[in-house]
Every structure is written in C-alpha cells, then in structure tokens.
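This report is meant for a reader who is meeting the structure for the first time. Please look through the sequence and the structure shown below before going on to the sections that follow.

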Amino acid sequence: MRETVIVGAVRTPVGKRNGGLADQHAADLSALVLNELLERTGVDPEVVDDVVWGCVSQVGDQSSNIGRYAVLAAGWPETIPGTTVNRACGSSQQALDFAVQAVMSGQQDVVVAGGVEVMSRVPLGSARATGMPYGPKALARYDGFGFNQGISAEMIARQWNLSRSRLDEYSARSHELAAAAQDAGAFTDQVVPVFTEAGVVTEDEGIRRGTTPEKLAGLKPAFTDDGVIHAGNSSQISDGAAALLVMTAENAVALGLTPLARYRAGAVTGADPKLMLTGPIPATAKVLHKAGIDLSEVGVFEVNEAFAPVPLAWLADTGADEAKLNPLGGAIALGHPLGASGAVLMTRMIHHMRDNGIRYGLQTMCEGGGTANATVVELLP
C-alpha cells in the first residue's frame, strides 16, 4: 500500500439558502474550486488521473454526471474523466475515500476528490419527486417507516435523553464558535471568493451572531408537535463546493509539494436505518481500530451537525473531549451543502490541524439510510 497524502484543500464559502451563491450553477461552482486547487498547488491538470465528485440530488442542474461536467466547465483537457458519487451526506467524504483507494492501490497516481450541492437551485428532496423512493420491500421491512431524518433525530434525542435545552445550548455553541473562528481568520486561507452578478461572496453566510438558547427556545418543533428538533438545532440548507488533491507521497516530492496531511485510515459502516443518524458511533470505533490509534490521541473531531442530537449522542457514547468536538462550529451554524459537506469538513479540519499543530484529526458523517463514513488524517511535520 502506497503512502497517500492530501496536498491541497480548498472550498467556497458556504452560502445560505437563496443567498449569495444561489445563482451559481453547480458545474461552474465546482469548476471554480477545481481551478483554484491547481492554482494553489501549481499542478498541471494533465497529471490528474480522475476527478471523483460527490453530489446528492443528481437531478436538474446537478444531473448527467456533474463530476464530468465540472471538469469540462473548468476548461481542463477533455482526456480527464470525472465521476459522481452519492453516499447521501457523506458523498464527498466517500469521494475522498475512493480517490485514496485508487492511489494507495497503484491504479492511479493523482486524483481530485470533492463535491458540490447548490440546494437553492436543486431543493432537498428533488430526487424523490417522482417514483417510489426506497422501494416496497425496504419499506415493508421497516413497517413503512418512511426513513424521515427529522423523525430519526427525534428518536435519537429520546433514546439518549437529550433535552430541548441541551440541544439548543449545543446549537448556540456552534454559532458562537463559528463566529469566533470567522473573526479570527481561521477560514480565510481555505476559502476561494465567488464572484457573482450581485457582488463577491467571501465568507460563510449561515452564522447567526448573538444566537442564544433563550432565543432558540422560541422556535416551533419541525417534525412533531411535542418534539425537540427545530430549524435552530438542525443543519442549514446551503450551497457550496470543495476540492482536495490526493497523490502519493513520492509524487508530492517529485512535484515539489508539501503535503497538508497523510491519509491514515478510512471506514464506512451501516447502522439502524430507522435511527439512521447513529452510524458515526460505530464508524468511529472502526476507523480508530484501522488507524491503530486511541481516541485520546485525536486532537480534533469533525462530527457533522446534521441535527444537534447526532454529535451529542456520539459524544455520550465515545466519551470524547467536548472541547475537541467541532471547535470551529459545524453545520448548524456554517451550513450543510449535502454533496460538498464531506470535503468542506475535511478542508476545515486539515487547515485547523495545521494552524494548531494537531497531529490526528477524525471526521465522521451520518448519512441517510443509516450509513456513516469516518476518516483519520495525520499532520505531517
């Protein structure tokens, strides 16, 4: 197995629904980060063997293999292929895993991984607008449950005894940390500005400064009348794209590049599809075993904030240090552009590791249907 490293990581700002990125086509937004990735690393697109691109709602603007059309929109040589991956919210994290696997195995040498989602133009659920999602046999197996993530989040809150106040306190923390990180310039070096007809977007748009548990307490439950899940403790509908450049350590030396991080281990697992969002718990145990490290050795955890109960249940079961959990805020404040989120989180985490001298980082993502990805990366001296 060849040592595989990430030598570049870049993302757009994450735009809020109908915000600054709403007029951007997914292919063009993808092209922006593809070209910025090569501009920052100085790599010629001719050396790229493949582009593996995550996208969840592959209809409308995002149909017809958006990964390939991102390459063409970027103006790269027609000889460079592209493919599109859908593992729900973990699509671009899975894209990274596929890219790493190709490079580690020797099948390819230089691969770009990333993803995109412009939810303002392709709304959540667009891919389920026709036909029969899930199929009759899967629905019958689970008594016609319907696989609703909001209901799953409610079930997790009940099972882990997470009160409305605890969820809202955590959600306010997300906004507070994200605002502090933005003010400190923690995101500046990883973000490429997006020029639009209305102006330029340079910062993540979803942060609501001054959010408090008391303010969140006034929001109505979204899924059940007596529930605890609402818009303020759920991830935001968002637009964005991100890209990572993966190659062997040997190639990095040959190209004169300084790796950002070494890919240490990756894992994917399935869990109860009714609870659905608990997969990061077993995925974390699995990836730590594969990496050969202990939870206590990890200096930062990115656990996607699809809903506040997800990282809190993960925290309760793993016993991790809460101070290391989503230290720059998460999707509750910064947004969740589905197909891009895995690459966005990895970009954010790697830059945070380098800024703070953190050796190991662990990222995990809950996904529709009860799957989850987990990835460990290691900072290189």
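## Strand pairing around β5

Two strands are said to pair if DSSP finds at least two bridges between them. The model described here is predicted, and in it strand β5 (residues 110-118) is joined to strand β8 (residues 238-248) by 9 bridges, the two strands running antiparallel. Within this pairing, valine 110 stands opposite methionine 247 in β8. Strand β5 also pairs with strand β3 (residues 50-54), here in the parallel sense and over 5 bridges, and valine 112 of β5 is the bridge partner of valine 51.

How many of the 9 residues of strand β5 are buried? The count is 9 of the 9, so the strand is largely enclosed by the rest of the structure. Val110, Val112, Gly114, Val116 and Val118 point one way from β5, while Val111, Ala113, Gly115 and Glu117 point the other way, and the residues on both sides are all buried.

## Nonpolar cores

The largest nonpolar core has 44 residues, and those with the most contacts inside it are Leu167, Leu277, Phe301 and Trp314. Several helices and strands give two or more residues to this core, including the helices α5 (149-159), α6 (164-183), α9 (280-291) and α10 (309-318) and the strands β9 (261-270), β10 (300-303), β11 (360-367) and β12 (371-379).

When residues up to four places away in sequence are not counted, tryptophan 314 touches Pro280, Ile281, Thr284, Phe301, Val303, Ala320, Leu325 and Thr364.

## Two helix contacts

Two packed helices are described by the angle between their axes and the distance between the axes. For α6 and α10, the axes are 10 Å apart and the helices pack at an angle of about 100°, which makes α6 roughly perpendicular to α10. In this contact Arg166, Leu167 and Tyr170 in α6 meet Pro309, Pro311, Leu312 and Leu315 in α10, and by class the contact has 6 nonpolar, no polar and 1 charged residues.

The axes of helix α3 (residues 91-105) and helix α12 (residues 338-356) come within 4 Å and cross at roughly 65°, which makes α3 roughly perpendicular to α12. Here Ser91, Ser92, Gln93 and Leu96 in α3 meet Gly339, Ala340, Ser341, Gly342, Ala343 and Met346 in α12. The residues of the contact between α3 and α12 divide into 4 nonpolar, 6 polar and no charged.

## Two glycines in loops

Glycine 42 lies in the loop between α1 (26-41) and β3. Is glycine 42 buried or exposed? Its relative accessible area is 64%, and residues over 50% count as exposed, so glycine 42 is exposed. In sequence glycine 42 and glycine 256 are 214 residues apart, whereas in space they are 9.3 Å apart, C-alpha to C-alpha.

Glycine 319 lies in the loop between α10 and α11 (331-334). With a relative accessible area of 56%, glycine 319 is exposed. Glycine 319 and serine 296 are 23 residues apart in sequence, and their C-alpha to C-alpha distance in space is 9.5 Å.

Note on methods. Residues are numbered from 1 along each chain as its sequence is written. This is a predicted model: local features need pLDDT of at least 70, side-chain atom pairs count only at pLDDT 80 or more; totals for chains, interfaces and linings use all residues. Side-chain values use heavy atoms; hydrogens and water are left out. Axes are lines fitted to C-alpha atoms, for helices over the stretch in contact, and angles run from 0 to 180 degrees between N-to-C directions. Angles under 35 degrees count as roughly parallel, over 145 as roughly antiparallel, 65 to 115 as roughly perpendicular and the rest as oblique. Contact means heavy atoms within 4.5 Å. Ala, Val, Leu, Ile, Met, Phe, Trp, Tyr, Cys and Pro count as nonpolar, Asp, Glu, Lys and Arg as charged, and the others, Gly among them, as polar. A nonpolar core is a set of buried Ala, Val, Leu, Ile, Met, Phe, Trp, Tyr and Cys residues joined through side-chain atoms within 4.5 Å. Buried means under 20% relative accessible area, exposed over 50%, partly exposed in between (1.4 Å probe, protein chains only).
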